[in-house]
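Thanks for coming. I will go through a few local features of one structure, so please bring it up on your screens.

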Amino acid sequence: MKPGLFDRLNRVGAWMVLLFLVLPALIAIPVSLTPKRFLSMPEGEYSLRHFRHLFTSPDWLSSFAQSGIIAASTAILATTLGTLCAIGLWRVTSRNTEIVRAFLLLPLIIPQIISAMVFYRLLVPMGLIDSYPGLILAHTVLATPLVLITVSASLANFDPRLEQASRNLGASNWTTMRRVILPSVKPGVYAGALFAFILSWDEIVVTLFISKFNVYTLPRRMWNGIRENTDPTVAAAAVVLIAITLIAFAISAVIARRRAQGAASKD
Amino acid sequence: MSEAATGGLGLTTLTKRFGGFTAVDNVDLEIRRGEFLTLLGPSGSGKTTLLMMIAGFLDITEGDILLDGASIRDVPADKRNFGMVFQGYALFPHMTVRQNVGYALDVRGRPKAEIEARVDEMLELVQLSQFGQRKPGQLSGGQQQRVALARALVFAPPVLLLDEPLGALDKKLRVEVQDQLKDIHKRIGTTFIYVTHDQEEALSMSDRIVIMQNGRIEQLGTPTELYEKPRTRFAAGFLGKSNFLEMADGTHALRPEKIDIAPQGGLGGNARLSGTIRDITYFGAMKKYMVAVEGREDIEVGVDSWRNPHALHEGQSVELGWADHASIRLEEN
């Protein structure tokens with residue numbers, strides 16, 4: 001059957017939306033290749049000098065490392081908390097669980113600028129401002145709801161009889177969780193960890209409020225780079241950031257597909 | 001395989017309420033050590049709720065459960081040591097068959113060598129020795145069912161609970177697995193408590209059957225007792241088929257195969273009713289006649305096909321007869 005007018009419009013529309021969403025990010029690629037010393041589109045000439053600078057400057061390298069440490073720590077903490085929380089809410093069936101769940105999702109709903117203020121007010125008296133623990137704590141609060149969502153989604157497909165079977169066979173609650181529930185919700189846990197990592201990796205609003213000199217994450221250095229000296233190294237950093245994010249998603253997609261094929265080949 | 005020295009269960013005034021709804025209502029039941037007991041009933045009759053209370057997954061509202069005389073009311077599910085085969089099997093999908101079967105021993109911290117030997121023994125019992133390294137998803141429904149059985153029996157439980165374990169199998173396979181289950185029950189001597197809504201399964205496998213309705217025990221007895229001497233209309237209609245006849249002393253149940261059918265005058269003086277054949281259905285071994293009788297509901301008559309001497313056809317006038325002891329008077333309810 002020939003595709004109708006509506007189908008064709010639909011397809012064109014989809015591509016337009018995709019371009020609209022992706023193009024601004026892709027602008028960073030040509031800009032990062034400009035030979036000039038300020039942010040500009042390259043005109044005929046290309047250069048990798050900004051990438052070279054990015055990977056040799058101690059300042060930029062230290063920011064990469066700091067962002068990496070904070071994002072990894074955030075991912076570990078948020079994944080642990082979010083997973084425990086999701087399993088707890090799944091096990092306790094009461095009218096109040098939905099209220100608790102809504103409450104736990106608040107960090108996603110509250111405007112980040114407000115979260116940023118709150119963290120500032122909280123961390124100053126605790127002496128955690130401008131420190132690794134402070135940033136990791138704040139990012140963990142923001143990222144935990146993401147893990148809660150992905151793990152809850154996995155649990156929705158989990159057959160509660162598997163838990164009963166494990167208990168019936170003599171396993172304690174803890175053993176059941178470790179050996180039956182967790183392996184079954186692994187995809188949700190991995191997805192949640194990935195989202196938590198990415199959230200922390202490119203978080204800027206809260207970070208601006210609660211860091212100063214000691215901790216200088218990658219997004220923060222890019223922000224300063226643009227504000228102070230329109231340094232094209234920022235574009236190079238953006239390209240690297242996008243690439244890392246894409247690679248992380250590609251890996252998770254491959255894992256998910258392999259898992260799906262594994263499941264399908266059983267039948 | 002050890003002869004189970006325990007496994008007698010006593011249910012006393014056992015009751016389960018969910019809010020205002022009473023799922024299990026004041027059940028008293030003595031389950032004998034080593035017997036094959038079936039809980040039979042339509043969905044919503046409370047049979048699965050009863051099983052879940054025995055397994056320890058549901059709290060008891062009132063009453064008690066005794067194992068060999070001692071209350072297990074407050075023993076958590078993981079400490080009851082009852083094996084269970086779940087509806088849909090509930091095999092752990094991320095573990096191999098061996099890991100599934102060995103799980104109960106593994107979580108009890110038994111030594112590796114003992115687990116391996118015991119798993120081998122169980123896989124042999126259910127004839128799956130060559131499938132140990134497969135994942136459950138790579139097995140057929142019947143094989144999965146056997147893995148579930150091996151997993152539930154590996155720690156030699158005194159009681160095995162089975163929740164509609166054959167529901168997902170096709171009919172031919174179901175009969176095969178029924179025979180295997182019966183055979184295994186005989187060999188290991190464990191008490192089997194079997195939940196089903198399938199009356200044929202209940203009749204062919206059980207030592208005793210409990211017919212349940214609305215959370216209560218409708219009738220308890222051996223398959224023969226229940227089929228030959230149903231006490232209530234529900235029991236007579238649920239286990240096997242029955243015609244119900246209003247007689248001078250009350251309602252009687254009359255099984256279709258206990259009725260003689262012949263053309264008018266063919267029964268000599270023994271005819272009790274006459275009517276017209278409305279419909280004939282052929283089942284191979286059996287033929288079913290639906291006979292319209294004036295002033296009554298249609299009467300179903302079942303006849304062995306090969307023994308049917310008269311060539312009866314639809315619309316023919318026939319007469320029906322039966323022996324005095326063929327019809328069973330039911331209790332009023």
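Where is B:Thr96 found? The answer is the loop between strand S6 (83–85) and H2 of chain B; helices (H or I, at least four residues) and strands (E, at least two) are DSSP runs, numbered from the N terminus.

Some conventions before I continue. This is a predicted model, in which local features need pLDDT of at least 70 and side-chain atom pairs count only at pLDDT 80 or more, while totals for chains, interfaces and linings use all residues. Residues are numbered from 1 along each chain as its sequence is written, chains are lettered from A and ligands numbered from 1 in the order in which they are written, and side-chain values use heavy atoms, with hydrogens and water left out.

Back to B:Thr96. Its relative accessible area is 12%, so B:Thr96 is buried (under 20% relative accessible area; exposed is over 50%, partly exposed in between, with a 1.4 Å probe and protein chains only). Apart from neighbours within four places in sequence, B:Thr96 is in contact with B:Gly132, B:Gln133, B:Arg134 and B:Lys135, where contact means heavy atoms within 4.5 Å.

Next, the helix pair. Helix H2 (residues 97–107) of chain B packs with helix H4 (residues 141–153) of chain B at an angle of about 30°, and their axes are 7 Å apart. Axes are lines fitted to C-alpha atoms, for helices over the stretch in contact, and angles run from 0 to 180 degrees between N-to-C directions. H2(B) is therefore roughly parallel to H4(B) (angles under 35 degrees; over 145 is roughly antiparallel, 65 to 115 roughly perpendicular and the rest oblique). Which residues make the contact? From H2(B) they are B:Val97, B:Asn100 and B:Val101, and from H4(B) they are B:Val147, B:Ala150 and B:Arg151.

Now the sheet. In chain B, three strands form an open sheet in the order S11-S12-S18, with antiparallel pairing; two strands pair if DSSP finds at least two bridges between them. Strand S11 (243–247) and strand S18 (328–329) of chain B are the edges, each pairing on one side only. Strand S12 (residues 250–254) of chain B is joined to S18(B) by two bridges, and B:Ala253 stands opposite B:Ile328 in S18(B).

Last, chain A. A:Thr140 lies in helix H8 (residues 132–156) of chain A and is buried, at 5% relative accessibility. Outside four places in sequence, A:Thr140 is in contact with A:Thr74, A:Leu77, A:Ala78 and A:Leu81.
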